[in-house]
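Hi everyone, thanks for coming. Let me put the structure up on the screen, and then I'll walk you through it.

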Amino acid sequence: MSAAQIDPVREARIDLDAVRRNVAAIAERVRPARVMVVVKADAYGHGAVPVAEAALEAGAAWLGVADLVEAVALRDAGVAAPVLAWLHAPDAPFAEAVARDVDLGISSGEQLERAARAGGEGSAPANVHLKIDTGLSRNGVAPEQWASLVAAAGAHERAGRIRVRGVFSHLANTDAEADAAQAAAFERALAEASAAGLDPELRHLASTAAALESPGSRYDLVRIGIGAYGVTPYGDGRTAADLGLAPAMTLRARVVAVRRVAAGTGVSYDHTWRAERATTLALVPLGYADGVPRQASGRGEVLLAGRRRRVVGRIAMDQFVVDVGDDEVAVGDPVVLFGDPAEGAPTADDWAAAADTIGYEIVTRIGPRVPRTYTRSTASASGDAARTGSEPA
Ligand SMILES: *Cc1c(COP(=O)(O)O)cnc(C)c1O
């Protein structure tokens with residue numbers, strides 16, 4: 001028997017229908033702007049290729065990734081849709097991007113020159129999206145250098161070395177006032193690009209947070225990551241359910257041990273928790289190696305035997321303990337760490353609150369030991385009959 005044939009005791013179930021519903025709902029909401037679904041970091045831990053396919057079926061026009069490795073992996077898997085990659089190693093192979101029809105986000109004059117050398121003269125022009133730093137202070141061309149960058153880009157475009165398909169920026173999502181200041185800086189950058197003779201087809205600024213609540217930020221395209229996965233982008237208590245979005249990932253396992261303990265029994269490393277009275281403990285085979293944050297020790301909750309139950313004691317590398325009181329729980333019972341709140345499960349955002357972080361970090365850090373299985377109930381683009389089932393990751 002190979003390892004792949006052994007029934008895994010833990011699993012991240014990815015509901016591709018939820019991805020499709022989320023993408024379709026967002027596409028409807030932002031129209032006429034188009035949607036890029038961001039599938040960087042293995043689609044926030046959900047699996048880049050299956051998510052990309054589901055997103056495209058649901059009406060996404062573009063895919064976004066951080067780097068060229070991720071973009072070329074999509075091409076290797078047969079994904080033909082437009083792809084933009086925006087975070088480049090100093091020696092990233094831009095010629096390969098041109099050969100594989102991957103658009104390049106450009107954040108410096110040096111990157112622009114490398115793109116211009118990769119495109120034209122016998123090959124297609126390099127398709128680029130010029131990125132202006134409007135105030136995030138991360139990637140992007142500084143406003144002082146923007147005029148000279150767009151002038152150089154115009155010259156390269158006229159010489160057939162590049163095509164400036166987009167101009168973009170990224171918001172800090174600080175507050176409405178700071179976003180408005182960034183939008184104003186974006187407008188100035190667009191005007192300068194236009195004055196330099198550029199006419200980009202795609203102006204894009206918003207990720208999920210701004211796209212959902214600020215119509216003026218949508219321009220021609222919105223870059224949707226977290227919303228596609230049914231996790232909230234907001235830190236102010238607005239849940240994904242409030243936004244009409246369904247969680248795509250369910251993290252589950254089965255109970256591997258149950259024990260009855262006496263009052264006073266200490267549990268897990270350092271005995272940070274002791275039973276106040278006789279109680280039953282269930283052991284769950286997921287730990288921080290699987291992305292369950294140790295920081296949530298004593299605070300995270302799971303759905304087990306029809307109720308939410310709290311983690312007690314420290315979360316360890318491979319396992320943690322849940323207090324079930326006097327309830328009947330058996331080895332093999334299913335445990336849901338997070339999933340659909342409509343079914344009583346905690347959400348990834350609940351775990352984020354328990355670990356003082358954001359839902360993004362919870363889903364993206366689910367580790368490689370947890371197999372991703374895929375469920376879908378409707379026909380795929382390739383014409384499969386309706387089915388519900390699992391496919392290997
Ligand atoms: C990750 C990323 C996004 C997606 O952001 P969400 O908040 O997940 O929607 C959009 N644009 C850029 C440049 C990014 O790096």
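Let's start at Arg138, which sits in the loop between β6 (126-131) and α7 (143-158). Helices here are DSSP runs of H or I with at least four residues, strands are runs of E with at least two, and both are numbered from the N terminus.

Before going further, a word on the source: this is a predicted model, where local features need pLDDT of at least 70, side-chain atom pairs count only at pLDDT 80 or more, and totals for chains, interfaces and linings use all residues. Residues are numbered from 1 along each chain as its sequence is written, and side-chain values use heavy atoms, with hydrogens and water left out.

Is Arg138 buried or exposed? Arg138 is exposed, at a relative accessible area of 61%. For those labels, buried is under 20% relative accessible area, exposed is over 50%, and partly exposed is in between, with a 1.4 Å probe and protein chains only. Setting aside neighbours within four places in sequence, Arg138 contacts Asp133 and His170, where contact means heavy atoms within 4.5 Å.

Why pick this residue? The unreviewed UniProt entry puts the feature "binding site" at Arg138 and Met317. These two positions span 180 residues in sequence and their C-alpha atoms are 33.2 Å apart, so they do not all gather at one spot. Please bear in mind that UniProt positions are given in the numbering used here, feature names are shortened, and annotations may be inferred rather than shown by experiment.

Over to Met317, then, in the loop between β16 (307-312) and β17 (320-325). Met317 is partly exposed, with a relative accessible area of 43%. Not counting residues up to four places away in sequence, Met317 touches Gly287, Tyr288, Ala289, Asp290 and Arg369.

Now let's zoom out. The chain has eleven helices and 19 strands, and its C-alpha trace spans about 80 × 50 × 40 Å along the principal axes. Of the 393 residues, 52% count as buried. Among contacts with a separation of 6 or more, 64% are between residues 24 or more positions apart.

That's the tour, so over to you for questions!
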